[in-house]
Amino acid sequence: MNPEQTWENPPAVRRQQILGETRTVAIVGASANPSRASNFVATYLLASTGYEVYFVNPNATEILGRPVYRSLAELPVVPDLVDVFRRPADLAGVLDEVLALDPLPRTFWLQFGLFDADLARRAEAAGLEVVMDRCLKVEHARFAGGLHLAGFNTGVISSRRRG
């Protein structure tokens, strides 16, 4: 068995609970570029949720009209959930930064394409709940009724012609 497959995300019901319990979100690797996934997710979270959203990026000062912090340690709060948009090589450093916070955030969330079983086990051993290779926006929309559990939009879409 591939060692990368020895770790599994929490089931959908637990992910829904995590999102329901979350009040504050820090987006690490947030971008001011509207074509970046982190910007799209940030826009959605600000417009469609009640979350307090904080942006972390040492190379930006403002995103979507909000201040950007150079590190998690500079945030005015400890977020409930840290949503990570960084390269795989940077993930261990981001986890180190998360583990240095006091108190600890509840959830360490890695976006689509980011999966590291050893990192997840390390985070869980420190007391964090971990979700990997999942989009926070997609999961929130799914559980808020905007997407079906299978991931597609449940709006009025049909191949039938009006007539």
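Trainee: How much space lies in the largest pocket?
Mentor: About 410 Å³ in this predicted model. A pocket is an open set of points on a 1 Å grid over the protein atoms alone, where a 1.4 Å probe fits, with protein on both sides within 12 Å along at least five of seven lines. The volume is the space filled by probe spheres set on the points, which are joined across faces, edges and corners.

Trainee: How does the lining of the largest pocket divide by class?
Mentor: Into 6 nonpolar, 5 polar and 6 charged residues. Here Ala, Val, Leu, Ile, Met, Phe, Trp, Tyr, Cys and Pro count as nonpolar, Asp, Glu, Lys and Arg as charged, and the others, Gly among them, as polar.

Trainee: What ground rules apply to the numbers?
Mentor: Residues are numbered from 1 along each chain as its sequence is written. As this is a predicted model, local features need pLDDT of at least 70 and side-chain atom pairs count only at pLDDT 80 or more, while totals for chains, interfaces and linings use all residues; side-chain values use heavy atoms, with hydrogens and water left out.

Trainee: Why is α3 called roughly parallel to α4?
Mentor: The axes of α3 (residues 91-99) and α4 (residues 117-125) cross at roughly 5° and come within 11 Å. Angles under 35 degrees count as roughly parallel, so α3 is roughly parallel to α4. The axes are lines fitted to C-alpha atoms over the stretch in contact, with angles running from 0 to 180 degrees between N-to-C directions. Helices are DSSP runs of H or I with at least four residues, strands are runs of E with at least two, and both are numbered from the N terminus.

Trainee: Which residues meet between α3 and α4?
Mentor: L91, A92, L95, D96 and L99 in α3 meet L119, R122 and A123 in α4. By class, that contact has 6 nonpolar, no polar and 2 charged residues. Contact means heavy atoms within 4.5 Å.

Trainee: What makes N59 count as exposed?
Mentor: N59 has 74% relative accessibility. Buried means under 20% relative accessible area, exposed over 50%, and partly exposed in between, with a 1.4 Å probe and protein chains only. N59 therefore counts as exposed. This residue lies in the loop between β2 (52-56) and β3.

Trainee: Why is E52 called partly exposed?
Mentor: Because its relative accessibility is 43%, E52 counts as partly exposed. E52 lies in strand β2 and is in contact with R23, T24 and V25, leaving aside neighbours within four places in sequence. The C-alpha atoms of E52 and T24 are separated by 4.7 Å, although these residues are 28 apart along the chain.

Trainee: What stands out about phi of L64?
Mentor: Phi of L64 is near 50°, a positive value in a residue other than glycine. Most residues other than glycine have a negative phi. L64 is found in the loop between β3 (62-63) and β4 (66-69), and its relative accessible area of 40% makes L64 partly exposed.

Trainee: How do you know that the bond joining D102 and P103 is cis?
Mentor: Its omega is about 0°, and it is a cis peptide bond. Most peptide bonds are trans. P103 is found in the loop between α3 and β6 (107-110).

How values were computed: 1 Å grid on protein atoms, 1.4 Å probe; cavity = no way out; pocket = protein on both sides within 12 Å on 5 of 7 lines; lining within 4 Å. Parallel < 35°, antiparallel > 145°, perpendicular 65-115°, else oblique.
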